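Open the model in a viewer and keep the sequence panel beside it. The tour below goes from one selection to the next.

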Amino acid sequence: IESGNFSAAESLAAFGIEEAMQLGDRGLEVTGQLVLLDLRLATDPGGEGDAVGTEAAEAIPLLESLEDHEGLARAWRLLMLVNWEACRWRASETAATRMIEQARSAGNTLFEARNLPALGTEAMPAPGP
């Protein structure tokens, strides 16, 4: 996704989801679906936010029950982005905080470091919810 090769990203995510299903790894499968949601948000900015946010939020209870911190970090990141784009500052800040907590719990220091600046953005005072 970051390199802009969206078709390759979609193919790799779909392959990962299929492999996770064959392994019976529900957490990895859902995390792959979150990667596809991230791709959707990145490539179709017109009106996709709320749908992506809903799908990400629906994944959280399952990921929590599996204690899948990697998947939870990705779900919370999507919620942070969706809320930030909709100017829902408090919800975005909450999601950013949860994202960092889950990345730390997963031991994913790269994900944490790359997304930690989101907390700085959320800390800026702004009006609204």
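Start by selecting Asp 38, which counts as buried because its relative accessibility is 17%, under the 20% cut-off. This is a predicted model, and the tour describes what can be found in it.

**Stop 1: around Asp 38**

Asp 38 is part of helix H2. Show its surroundings, but hide the neighbours within four places in sequence: Asp 38 is then in contact with Ile 1, Arg 77 and Leu 78. Two of these partners, Arg 77 and Leu 78, return at the next stop, as residues of H4 that take part in a helix contact.

**Stop 2: H2 and H4**

Select residues 26-43 for helix H2 and residues 69-85 for helix H4. How far apart are the axes of the two helices, and at what angle do they pack? The axes of H2 and H4 are 9 Å apart, and the angle is about 25 degrees. Angles under 35 degrees count as roughly parallel, and H2 and H4 are therefore roughly parallel to each other. Their crossing is left-handed.

Now show the side chains of the contact. On H2, pick Thr 31, Leu 34, Val 35, Leu 37, Asp 38 and Leu 41. On H4, pick Gly 71, Arg 74, Ala 75, Arg 77, Leu 78, Leu 81, Val 82 and Glu 85. Coloured by class, the residues of this contact between H2 and H4 split into eight nonpolar, two polar and four charged.

**Stop 3: H2 and H3**

H2 passes H3 in a left-handed crossing.

The H2 side of this contact consists of Arg 26, Gly 27, Val 30, Thr 31, Leu 34, Leu 37, Arg 40 and Leu 41. From H3 come Gly 49, Ala 51, Val 52, Glu 55, Ala 56, Ala 59, Leu 62, Leu 63 and Leu 66. The classes in the contact of H2 with H3 are eleven nonpolar, three polar and three charged residues.

**Stop 4: salt bridges**

How many salt bridges does the structure hold? There are nine, and three of them are visited here one by one.

- Select Arg 114 and Glu 2, whose side chains meet in a salt bridge at 2.6 Å, N to O. Arg 114 lies in helix H6 (residues 109-115) and Glu 2 in the segment before helix H1 (6-23), so the pair ties together parts that are 112 residues apart in sequence. Both Arg 114 and Glu 2 are exposed.
- Select Glu 64 and Arg 98, which form a salt bridge with the closest N and O atoms 3.7 Å apart. Because Glu 64 lies in helix H3 and Arg 98 in helix H5 (residues 89-106), this pair ties together parts that are 34 residues apart in sequence. Glu 64 is partly exposed, with a relative accessible area of 40%, and Arg 98 counts as partly exposed at 27% relative accessibility.
- Select Glu 112 and Arg 104, whose side chains meet in a salt bridge at 2.5 Å, N to O. Is Glu 112 buried or exposed? Glu 112 counts as buried, at 15% relative accessibility.

Technical notes. Residues are numbered from 1 along each chain as its sequence is written. This is a predicted model: local features need pLDDT of at least 70, side-chain atom pairs count only at pLDDT 80 or more; totals for chains, interfaces and linings use all residues. Side-chain values use heavy atoms; hydrogens and water are left out. Axes are lines fitted to C-alpha atoms, for helices over the stretch in contact, and angles run from 0 to 180 degrees between N-to-C directions. Helices (H or I, at least four residues) and strands (E, at least two) are DSSP runs, numbered from the N terminus. Angles under 35 degrees count as roughly parallel, over 145 as roughly antiparallel, 65 to 115 as roughly perpendicular and the rest as oblique. A crossing is left-handed if the near helix is turned anticlockwise from the far one by less than a right angle, and right-handed if clockwise. Contact means heavy atoms within 4.5 Å. Ala, Val, Leu, Ile, Met, Phe, Trp, Tyr, Cys and Pro count as nonpolar, Asp, Glu, Lys and Arg as charged, and the others, Gly among them, as polar. A salt bridge is a side-chain nitrogen of Lys or Arg within 4 Å of a carboxyl oxygen of Asp or Glu. Buried means under 20% relative accessible area, exposed over 50%, partly exposed in between (1.4 Å probe, protein chains only).
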